[in-house]
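Let's walk through this fold together, taking the sheet and its helices in turn. Have the model open as you read.

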Amino acid sequence: MRLDDLGKTLSSVTKGRSTVVVTDKNVEKFYLSRCVESLRKEGFQVDTFVVEPGEESKSGKTYLELLNFLASIPLTRTDFLVALGGGVVGDLTGFAAATYLRGIDVIQIPTTLLASVDSSIGGKTGINLEAGKNLAGAFHQPLLVYQDSSLLQTLPAAVFKDGMAEVIKYAILQDKELFSMLKDVKWTKSHIDDVIQTCVSIKKVYVEEDEFDKGRRQLLNFGHTIAHAIEKATGYKVSHGSAVAKGMLSIAEIAKKQGLCEQNTVDEIRKILELYQFDLEISQSPETLYEMILSDKKRKGASIDLVVPFEVGDCRLKRVTIEELKRVLCNSEIERHREDK
């Protein structure tokens, strides 16, 4: 798929003739005009809504501004939104589409590796609340995920690396072959389409089996419970991918301490994350992370489901009580990392 062919593609999949392209200021300067031109060539009426880059735009304020903008046009129930950007833009736009007029179509066009392999797939949408990440949201499947890997060429190295945390997650979750391939860092540019397709194929199976995230789809949250706590504790100054990398290693270390995996599994996970130059230190105390986790949306009353790596390619859900989680966190490697500083 090519961004310049977007209009032609959408002419065959939607009856709507009006759309709003939502993007952020970083993506705007590279791709917005091409996106709009492609749509207008095919007769679509196009408006645009540009937000500030960063997690701050996944807020109730920005969400309501977007809804009011849609109503001022006004878009109708046969029209659609286009999310041109990374995870923040995709989540915000998807949630607006899920709730405006009780639901209109959304097209996801990921412009980051993280969005390409993960957040644009599966229909999870949402915004952040002061209490935590993605606490307001809805399941709303996109009409189409339009993948054009050439849009990743303008990514800063740090943003590309963020996406690699999710790629590594999929490899640890269930793909030893992908894990082995990732040990060769030279794969990146020449095989990016294959890597994206592999990750999308893995996620597709989980989503089709458990669309509303009540069972096996929760395995896709490997590393995310601690990651979201780190993000919240730092005011989102630690990026999502960096936080996921820290979270994956921390859970592996806790699993080893609990006798659920071998030391070589922890070592393998650490080595591949270090290979991609992730900072794996956690500066927050276990007590702070525990307080953040209490508001995690995956919590079920007095318990929470953690994703535990038994070995590379074999992750499983383990339900623990909140008290047990506090106990293992406060006696985990996280505390020792801090003591070593």
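Predicted model: local features only at pLDDT ≥ 70, side-chain atom pairs only at ≥ 80, totals over all residues.

In which handedness of crossing, left-handed or right-handed, does α3 pass α4?

Begin with the open sheet, whose 5 strands are ordered β2-β1-β3-β4-β7 and pair in parallel. At its edges you will find β2, residues 45-51, and β7, residues 144-145, each of which pairs on one side only. Now look at strand β1, which covers residues 18-24: β1 and β2 run parallel and are joined by 7 bridges. To find your place in that pairing, look for T19, which stands opposite V46 in β2.

Next, turn to the helices that lie across these strands. Helix α3, made of residues 60-72, lies across β1, β2 and β3 (80-85), and runs at about 165 degrees to β2. Helix α4, residues 87-99, lies across β1, β2, β3 and β4 (105-110); its angle to β3 is about 170 degrees.

That brings us to how the two helices meet. The axes of α3 and α4 are 10 Å apart, and the helices pack at an angle of about 50 degrees. That angle is why α3 counts as oblique to α4. And here is the answer to the opening question: α3 passes α4 in a right-handed crossing. On the α3 side, the contact is made by T62, Y63, L66 and L67, while α4 brings L92, T93, F95, A96 and T99. Sorted by class, this contact of α3 with α4 has 6 nonpolar and 3 polar residues, with no charged ones.

Note on methods:
Residues numbered from 1 in each chain as written. Heavy atoms only, no water. Pairing = 2+ DSSP bridges. Helix = DSSP H or I, 4+ residues; strand = E, 2+ residues; numbered from the N terminus. Contact = heavy atoms within 4.5 Å. Axes fitted to C-alpha atoms, helices over the stretch in contact; angles between N-to-C directions. Parallel < 35°, antiparallel > 145°, perpendicular 65-115°, else oblique. Left-handed = near helix turned anticlockwise from the far one by under 90°. Nonpolar A, V, L, I, M, F, W, Y, C, P; charged D, E, K, R; others polar.
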